[in-house]
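Welcome! Let's take a friendly walk through a protein model. Have the picture ready as you read.

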Amino acid sequence: MRVKTNVASKAISYVAAYVFALLSLYPIVLMILSSLKTNVEIFSSPLSLPNSFSLDTYKKLWEAVPFADFLLNSVFVSGMSVLLITVFSAMAAFYLSRFSYKWTGALYFFFIIGLMIPIKLGIVPLFLLMKNIGLLNSLWSLILIYTASGIPISVFILTGFFRTLPVELEEAARIDGCNHLQVFWRVLLPLIRPALATVVIINFIHAWNDFFFPLIFIQEEALKTIPVGMMVLFGEYETDWSLLFAGLTLSALPMIVVFLLASKQFMEGLTAGAVK
């Protein structure tokens, strides 16, 4: 009787998981199908398949707006931000977890404060700062802001993972002649790949989808990122929704690729703390 109950519960769990997966994927499928339709088809039969599968909408998108520039700008800003966040956060987390000085606790609390204060509250000082240092209307202004806003949560995540690693691994490496940098790079860093994947995905999605800061700091058309650049597709009296859905589909692809490549490590990073 218990075996039948277990089988039934597993079957129900699988069915619920498949239903949830279908519900989660449906908006993405609907977005892709809408990008292959005309405006008339989108409004007349929004949930049906397109009458003909054609990539003309995507060709029209590349001709209507400088989408290649928007894409390259978003890739550059998101990639550089994630790279800087990962490097500096990993080094800071290594220091906070492996070295104990009287100021270590205060330094860790300094990073935690960054989680409590929304960075958008300082938009006016940030704008004046970027103007004074000559980074206004520059992609590096976005990179610096995303790096500063992403480091606190990244340090918090990575410090927790570093503290779960046995100290004996580090001691064995030092006996073999490794210095601090070699211990960090060759021994400990490969062991926290799940946490690194979590940091990469969280910060990449934040930088890729952000609309607020590019709208404030970027005025030149050629330097706009995808979220701001796509605004040109919204007309005052008419909007070409097929072009808009095509742009949304292309802008979602890099995030989907990043998540697929690091999904295993990402899930391990989210669940590792439950078994420590």
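## About the model

This is a predicted model, in which local features need pLDDT of at least 70, side-chain atom pairs count only at pLDDT 80 or more, and totals for chains, interfaces and linings use all residues. Residues are numbered from 1 along each chain as its sequence is written, and side-chain values use heavy atoms, leaving out hydrogens and water.

## The nonpolar cores

A nonpolar core is a set of buried Ala, Val, Leu, Ile, Met, Phe, Trp, Tyr and Cys residues joined through side-chain atoms within 4.5 Å; buried means under 20% relative accessible area (1.4 Å probe, protein chains only). The largest one has 20 residues, and Leu158, Phe162 and Ile192 touch the most other members. Two or more residues come from each of helix H4 (67-98), helix H7 (139-164), helix H9 (180-188) and helix H10 (193-209). Helices here are DSSP runs (H or I, at least four residues), numbered from the N terminus.

A second, separate core has 17 residues, including Tyr58, Val82, Trp208 and Ile226.

## Two packed helices

H4 and H7 pack at an angle of about 35°, and their axes are 6 Å apart. Axes are lines fitted to C-alpha atoms over the stretch in contact, with angles from 0 to 180 degrees between N-to-C directions.

## A look at Thr104

Thr104 sits in helix H5 (residues 104-116). Thr104 is buried, with a relative accessible area of 8%. Leaving aside neighbours within four places in sequence, Thr104 is in contact (heavy atoms within 4.5 Å) with Leu96 and Phe99.

Key. Buried means under 20% relative accessible area, exposed over 50%, partly exposed in between (1.4 Å probe, protein chains only).
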